[in-house]
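Please read it alongside the sequence and the model.

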Amino acid sequence: MLTVSNYHYIRDDFTTPYPSIFGVTPTFFKEQLLAIKKIGTYITPQELLANYDAIIKSSTNYVLITFDDGLKEQYVKAKPILDALGIKALFFINSINYIEKEVTLVHKIHLLRSQMSTSAFFEILKTFDTEGKTILSEKEKRQAVLHYNYDDEETALLKFTLNFKLSIQEQHRLIHVIFDTHFESSQVVKDLYMTEAQLKELAKEGMLGSHTHSHVPLGYLDHKDIQKELVISKEYLEQLTNKEIPYISYPYGSQEACAPPVEAMAKSTGHQLGFTMERSINTGNENPLLLKRFDCNDLPLGKNQKAFKDAHSLIH
Ligand SMILES: [Zn+2]
């Protein structure tokens, strides 16, 4: 069987004027790797690819570590820890950060919200919205609060507006304008994402994968755009590194984001292993292009271990 643990931000200090960037510290990361080692056996991406059937059907709990979004801090803070422990992980990259020197939409939102309150952000959003899409009816407000029941009301309304009221294109257009008035995009790209030299080093060690071109949920796109998202980033990474890139992690990783024909198209464009965010252990019945994965918070020492414990109790 195979357990996959996924990470995003990894930094020593998460303090910002408004908390909106969440992740783990290097100290936590190392402790978690050691805790996981007690219940599993780390494998390398190449071993998984070469012995897929044997590994996935084995009674041994094999473990793979992955990182989404190509953040430089993953290379600077996490890779030395992995190296010291002799663990090979997979790092999934969005090519938009390199080809277009553009900051990924989710990171723009995280950065903006780290510098302003939810209400200030909402107000700015409304100012730029000329079509009234940010105005919610009473019914929509109730839906929002119900859907985002872990968030406070204002955050729930904001998330609902972004994710359900605005199309992906509208989100991009609005957030782009707001972001550019607060941040210098080219500097953020330099600070936030790995360098091409770092990508090459990861590829040399068999640790590089694609997170698609521009980090949009593929399942909502038409055929032509899914194809573009898959091919642009795979080709960019392969040309840069001179290595084949058979691994993909789907942005957002939800069922909707990985809905047909996403998996079939990932396969037809030459990907061999695909990772979702369906939280469970892989036991051999899954499609290799739709592997399940935990967020690191679900695993030992994490803030929310319920999903992992549930999955474990189904097996044992
Ligand atoms: Zn991502």
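A residue is called buried when its relative accessible area is under 20%, exposed when over 50%, and partly exposed in between (1.4 Å probe, protein chains only). The model is predicted: local features need pLDDT of at least 70, side-chain atom pairs count only at pLDDT 80 or more, and totals for chains, interfaces and linings use all residues. Residues are numbered from 1 along each chain as its sequence is written, and side-chain values use heavy atoms, with hydrogens and water left out. Helices (H or I, at least four residues) and strands (E, at least two) are DSSP runs numbered from the N terminus.

**Zinc site**

- Asp69 (OD), His211 (NE2) and His215 (NE2) are the protein donors of the zinc ion, at 2.1 to 2.2 Å from it.
- Donors are N, O and S atoms within 2.8 Å of the metal (3.2 Å for Na, K and Ca); water is not among the atoms, so sites may look incomplete.
- Along the chain, the donors have the spacing D-x141-H-x3-H.
- Distant parts of the chain are linked by the pair Asp69 and His211, which are 142 residues apart. Asp69 is in the loop between strand E5 (62–68) and helix H4 (72–85), and His211 is in the loop between strand E7 (208–210) and helix H13 (223–241).
- Both Asp69 and His211 are buried.

**Leu71, in the loop between E5 and H4**

- Leu71 is found in the loop between E5 and H4, and it counts as buried because its relative accessibility is 0%.
- Contact means heavy atoms within 4.5 Å. Leaving aside neighbours within four places in sequence, Leu71 is in contact with His8, Tyr9, His107, Leu192, Tyr193 and Met194.

- Strand E1 (residues 2–7) has 6 of its 6 residues buried, so the rest of the structure largely encloses it.
- In a regular strand the side chains alternate between the two faces of the sheet. In E1, Leu2, Val4 and Asn6 are on one side and Thr3, Ser5 and Tyr7 on the other, and all are buried.
- Ser5 lies in E1 and is buried, with a relative accessible area of 0%.
- Not counting residues up to four places away in sequence, Ser5 touches Ile36, Leu64, Ile65, Thr66, Phe294, Cys296 and Leu299.
- Two strands pair if DSSP finds at least two bridges between them. E1 and E5 run parallel and are joined by 6 bridges, with Asn6 opposite Thr66 in E5.
- E1 also pairs with strand E10 (residues 294–295) in the parallel sense, over 2 bridges. There the bridge partner of Asn6 is Asp295.

- E5 is mostly covered, with 7 of its 7 residues buried.
- Tyr62, Leu64, Thr66 and Asp68 point one way from E5, while Val63, Ile65 and Phe67 point the other way.
- E5 pairs with E4 in the parallel sense over 2 bridges, and Tyr42 stands opposite Val63.
- E5 and strand E6 (residues 90–93) run parallel and are joined by 3 bridges. The bridge partner of Asp68 in E6 is Phe92.

**Tyr42, in strand E4**

- Tyr42 lies in strand E4 (residues 41–42) and is buried, with a relative accessible area of 17%.
- Leaving aside neighbours within four places in sequence, Tyr42 is in contact with Gln32, Leu33, Ile36, Lys37, Val63, Ile65 and Ile87.
- Tyr42 and Gly70 are 28 residues apart in sequence and 22 Å apart in space, C-alpha to C-alpha.

**Helix H7**

- The buried residues of helix H7 (residues 118–128) are Thr118, Phe121, Phe122 and Leu125.
- Seen down the axis of H7, these residues fall within an arc of 100°, so they line one face of the helix. The arc is that of the directions from the helix axis to the C-beta atoms.
- The buried residues of H7 pack against helix H6 (105–115), helix H9 (153–165) and helix H10 (168–182).

**Second largest pocket**

- A pocket is an open set of points on a 1 Å grid over the protein atoms alone, where a 1.4 Å probe fits and with protein on both sides within 12 Å along at least five of seven lines; lining residues have an atom within 4 Å of a point.
- The second largest pocket holds about 370 Å³ of space. Grid points are joined across faces, edges and corners, and a volume is the space filled by probe spheres set on the points.
- Its lining has 19 residues, of which Ile168, His172, Ser214, Val216 and Glu229 lie nearest the centre of the pocket.
- H6, H10 and H13 are the elements that give two or more residues to this lining.
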